[in-house]
Amino acid sequence: MTTVRRAVLTLPAAPLGPDNPLPALRAPAGAGAHAVDARTLAELPRDMARGIGRAPLRSLLPAPVRDGYGRERTPADLDTIVIENDRLRVTVLPGLGGRVHSLHHKPTGRELLYRNPVLQPAAFALNGAWFSGGIEWNIGATGHTTLSCSPLHAAVVRAPDGGPMLRLWEWERLRDLPFQVDLWLPEDSDFLYVGVRVRNPHERTVPAYWWSNTAVPEERRVLVPADAAWHHGYERGLDRLPVPVAEDGTDRSYPLNGAHAADYFYDLPEGQRRWIAALDADGHGLVQTSTDALRGRKLFLWGTERGGRRWQEWLTEPGTPGYAEVQAGLARTQLEHLELTGGAEFSWLEAYGPLAADPAAALGDDWAAARADVEAKLAAALPRAAVDAAYTAWREGAADAEPETVLAAGSGWGALEVLRGGHALPGTPFPESTLGPDQEPWRELLRTGVLPPPAKGAGPGAPLVAAPWRDMLETAPADPSTEYHLGIAQWHAGDRAQAVRSWERGLHRAEARWPLLYCLAVADQEDGHPRRAAERFAEAFADHAETDGAEDVAVVAALGREAIVALLAAGRTGTAGELWASLPEEVRGRGAFRLLEARILLAEGRKGEARAVFDAGFEVADLREGAEILGELWAELTDEPLPDAYEFRMRPS
């Protein structure tokens with residue numbers, strides 16, 4: 001019989017630490033890594049170009065940036081939920097985005113996924129903290145979800161066959177959409193079934209995005225029913241290439257044959273069964289398949305060059321095997337978004353399980369024969385009709401089933417939205433009992449029409465930016481706290497001039513001025529006024545020290561980092577150095593601030609001392625995917641090759 005139970009997994013883990021206390025007014029820092037240049041965009045199929053251009057994020061609001069983690073790992077107990085039958089054991093991390101950490105096939109003793117032996121956050125999610133390994137559920141916008149390291153609601157529900165099923169659900173805040181992920185193991189099944197539903201409870205059309213990303217050992221062959229793929233590297237191009245053999249004779253179906261990090265979005269023919277497999281040298285491995293609504297399939301590889309290998313080490317323990325990702329999504333590529341009309345939903349079923357192919361065929365040079373063998377083995381193990389029937393049974397008989405036993409709680413944001421909008425969402429309750437301190441001021445605004453100010457010495461609180469909340473803020477009494485939040489909502493809506501006016505009004509009467517000064521500084525920066533932005537960042541830093549003290553290290557570090565970067569950009573090196581020196585010693589010792597120290601020294605012409613910072617060694621814990629700052633700075637210091645420890649470049653030199 002299938003069982004669902006709580007358990008604990010102990011891993012060496014770097015704590016997540018506090019979220020960045022400053023509102024995320026800018027577009028995602030790594031957005032450029034997923035961009036497409038204008039020339040390429042003009043040459044793409046019209047529907048693909050439309051999807052790529054649909055509703056790009058102007059900011060990360062209302063989600064916070066998560067950059068409070070470091071790189072010191074100690075053993076930590078992680079809450080897990082284990083789903084198990086006689087064939088499979090599935091380990092899920094409800095507190096970390098509902099990640100499937102392990103998919104263990106009992107009869108063969110094989111782990112079907114790449115299972116990371118550590119929990120090391122890194123800056124790959126849209127809002128920062130993310131970790132590698134397992135199966136992740138990405139919703140929101142191009143990239144890893146803002147929920148990568150956040151808790152989801154979790155409960156036991158009845159599966160279509162009457163057995164227990166694990167439901168995960170949350171309210172995704174970038175696009176304001178509730179979603180659910182249902183995982184179950186039919187009795188005696190070798191396949192994990194996953195039913196996914198994304199609902200739009202609003203009247204307006206919303207841009208929708210979903211990709212299920214599965215990490216597998218990189219020493220695999222990746223097979224998929226396609227003869228072409230759209231290649232996207234870190235040069236901002238998107239080119240249609242033949243699969244699997246490149247013009248230079250390289251077989252792209254083997255991740256370790258790629259030199260540089262790259263995405264391959266496979267062009268599956270219409271009517272073709274959707275599947276992707278990753279097989280080892282014996283023909284064994286993982287296969288993922290789905291109903292047709294989950295259209296896209298993709299391979300991501302890190303490549304064999306120094307940058308890719310360094311990232312592999314960065315995300316786990318050095319000396320451990322690397323990984324690649326096989327992925328499945330709603331659109332043809334990850335760069336596109338679909339339209340989800342008001343009151344509608346996207347739903348589909350995925351299945352993950354073992355596959356044993358004929359190695360002579362599946363690993364041979366005849367691509368058509370290799371695909372045919374895998375497809376035949378998949379059809380025998382899990383017929384396409386069985387997947388379609390399982391989807392129908394789930395959608396019609398189980399997707400709306402109410403939770404029976406609650407196993408974990410997510411955030412209170414969904415409860416707040418249900419309270420405001422009166423949304424009926426069968427199967428995914430967001431009870432008022434989940435409301436917490438972050439939601440309380442907004443519940444008060446909803447109840448009384450007044451947004452209560454934060455307690456003296458406290459931060460300004462988490463923002464909300466959706467149109468209904470903006471409307472309420474516009475009619476609320478205009479104190480500095482309300483003007484701050486109203487400006488953020490206006491900024492998110494694209495009314496930046498009005499946002500600045502709101503922040504300026506609030507600034508005249510504010511006791512603690514730093515939150516408003518910070519927002520105005522970002523506005524100056526975005527409008528091309530670097531000198532004024534630098535002055536305001538520095539003023540915000542000084543104001544926090546005067547009004548709220550230096551006890552809140554997260555605010556000190558966040559404001560200090562912003563101010564130093566802005567001062568350097570404005571050519572005010574001396575002031576940047578003075579501000580750096582005024583920071584607490586614990587903050588100055590962090591890798592990001594050691595990098596700033598080197599930049600200040602270089603700007604002052606002290607190359608030898610800047611080089612000494614590199615020679616002493618430092619690690620920027622929240623270094624972004626695609627970041628090249630370390631290599632650029634090193635090149636200004638010396639003609640010597642960049643040391644491996646600082647080599648994170650993901651594109652050809």
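Predicted model: local features only at pLDDT ≥ 70, side-chain atom pairs only at ≥ 80, totals over all residues.
Close-up 1. Side chains of opposite charge can pair when their charged atoms come close.

**Close-up 2. Arginine 611 and glutamate 640.** Arginine 611 also forms a salt bridge with glutamate 640, and here the closest N and O atoms are 3.0 Å apart. This pair links distant parts of the chain, because arginine 611 lies in helix α18 whereas glutamate 640 lies in the segment after α19 (629-637), 29 residues apart. Glutamate 640 is partly exposed, with a relative accessible area of 42%.

Close-up 3. A search of the whole structure finds 49 salt bridges.

**Close-up 4. Helix α12 and its surroundings.** Helix α12, which is made up of residues 514-526, has 13 residues and reaches 18 Å from its first C-alpha to its last, close to the 18 Å expected at 1.5 Å a residue. Of the 13 residues of α12, 11 are buried, so this helix is largely enclosed by the rest of the structure. The buried residues of α12 include Trp514, Pro515, Leu516, Leu517 and Tyr518, and among the others are Cys519, Leu520, Ala521, Val522, Ala523 and Asp524.

**Close-up 5. Aspartate 524 and arginine 532.** Aspartate 524, one of the buried residues of α12, forms a salt bridge with arginine 532, the closest N and O atoms being 2.9 Å apart. The two partners can be set side by side: aspartate 524 is buried, with a relative accessible area of 4%, whereas arginine 532 is partly exposed, with a relative accessible area of 42%.

**Close-up 6. A patch of negative charge on the surface.** Asp86, Asp161, Glu187 and Asp188 gather on the surface in a patch of negative charge. Aspartate 86, one of the residues in this patch, lies in the loop between β2 (74-84) and β3 (88-93). Aspartate 86 is partly exposed, and its relative accessible area is 49%.

Notes
Residues numbered from 1 in each chain as written. Heavy atoms only, no water. Patch = residues over 30% accessible without salt bridge, like charges linked within 9 Å, V, L, I, M, F, W, Y side chains within 5 Å. Areas by Shrake-Rupley, 256 points an atom, 1.4 Å probe, with all protein chains shown as cover. Salt bridge = Lys/Arg side-chain N within 4 Å of Asp/Glu carboxyl O. Lys, Arg positive; Asp, Glu negative; His and termini not counted. Charge placed at Lys NZ, Arg CZ, Asp CG, Glu CD. Helix = DSSP H or I, 4+ residues; strand = E, 2+ residues; numbered from the N terminus. Buried < 20%, exposed > 50% of the residue type's maximum accessible area, 1.4 Å probe, protein only. Expected span 1.5 Å × (residues − 1).
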